[in-house]
Amino acid sequence: MTDLYKPLCSLKEGHWFKLICGASFQHLPAVRNLTLAYTLAGVDCIDVAADPAVIAAAQEALAVADSLASDAQQRGFAYQSRPWLMVSLNDGEDPHFRKAEFNPEVCPVACPRPCEKICPAQAIVFDRDRNTFSGVVQDLCYGCGRCLPICPSDLIYTRAYVSTPGAIAPLALSRVDALEIHTQIGRITEFKRLWQAIKPWLNRLKLIAISCPDGDGMIEYLWNLHNIIKPLPCPLIWQTDGRPMSGDIGDGTTLAAIKLGQKVLAAGLPGYVQLAGGTNDYTVAKLKAIGLIKGSGVRGQRSEKANNSKSKVTSRSSLLAPRSSISGIAYGSYARVLLSPILEQLEQKSMNQSTVVPSLRLEDNRELLWQAVKLANSLVSQLKSV
């Protein structure tokens, strides 16, 4: 492992930016366009569903980004090289791995449809005349669960699923750079089972991330996981999933992610700490204010000085050493919603086209493309300019 990897440099320097498309998000045009826009804005990692079609859509976007690299750089965007492509697996039930479902035929005619209004992915649709589709658009739903408590008739439920690595590994892990494992406190047996299935593929991967929500005994659980997976041939990220899939709700949601990040940092676990779950436009400013990001306070300055005193040769032990500041941030629902006005315009323009096969590819409309990259850059640059 060397410093030639730009994403790894970002981790070490404390400005790693990951885009979360969603472990259950399978809308191919959206995945492709989000990947393209955020790649040109300079992200380090794109996290997508472990679905061969979704992976292929993201890879197509990465290839397009390569062809637009010089144009992006001339416009002042931070794109330098391809971000790492990551997929997520789970060792048990997890809110990131589920879909909402309901039967629209039993919905009361007079219902005001609050589920349709609250869905951030616009995955719930109703055709009043029942001439086309009504219900949950499965490819768009990413399992946030906001529709569940708001249904007046309590008709919405979720369908959860657990990864089957034996089937997924040959199709997914051989085509990506990184893997994230979603687990929860108390699932040691399940984690071990998943880890044994993953081990044959470890040498192909550049990064492993572990995501776990907070709870009693969390730090002890994470230490147990570390003992199971060591030694690793690649860097390790602890993803602090503060308030999952909520970053677009409001500024306050990021506080849970930061609080959990502080807790994991204090534990001194080997590896990097990256925030997720409720991250948004407020996250970087808050981290700066409390000195949890490099270059923004006493703690960050101390870490910077220590790094500068060490050799530039990267060893496995240095990659896994405990950190004193947050190494990166992952953005999911907020990052997607930020670009939704542009993607909606693209869809509308595609519907108005007279061609037989209307294009939903962002690169086919350069005006909207660079608007999308500019919006993505407004979020990416907050972290990259620290």
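The legends below describe close-up views of a predicted model. Local features need pLDDT of at least 70 and side-chain atom pairs count only at pLDDT 80 or more, while totals for chains, interfaces and linings use all residues. Residues are numbered from 1 along each chain as its sequence is written, and side-chain values use heavy atoms, without hydrogens and water.

View 1

**View 2. Strand 2 beside strand 3.** Strand 2 (residues 45–48) and strand 3 (residues 84–90) run parallel and are joined by 4 bridges. I46 has L85 of strand 3 as its bridge partner.

**View 3. W238 in strand 10.** Strand 10 covers residues 236–241. W238 is buried, with a relative accessible area of 2% (buried means under 20%, with a 1.4 Å probe and protein chains only). Its C-alpha atom is separated by 4.9 Å from that of V273, 35 residues apart along the chain. Beyond residues up to four places away in sequence, W238 touches several residues, including I210, L222, H226 and V264 (contact means heavy atoms within 4.5 Å).

**View 4. Helix 7 packed with helix 8.** Helix 7 (residues 188–198) and helix 8 (residues 218–229) pack at about 30°, with axes 11 Å apart; helices are DSSP H or I runs of at least four residues, and axes are lines fitted to C-alpha atoms over the stretch in contact, with angles from 0 to 180 degrees between N-to-C directions. Helix 7 is therefore roughly parallel to helix 8 (angles under 35 degrees). I188, F191, K192 and W195 of helix 7 meet Y221, N224, L225, I228 and I229 of helix 8.

Methods
Pairing = 2+ DSSP bridges. Helix = DSSP H or I, 4+ residues; strand = E, 2+ residues; numbered from the N terminus. Buried < 20%, exposed > 50% of the residue type's maximum accessible area, 1.4 Å probe, protein only. Parallel < 35°, antiparallel > 145°, perpendicular 65-115°, else oblique.
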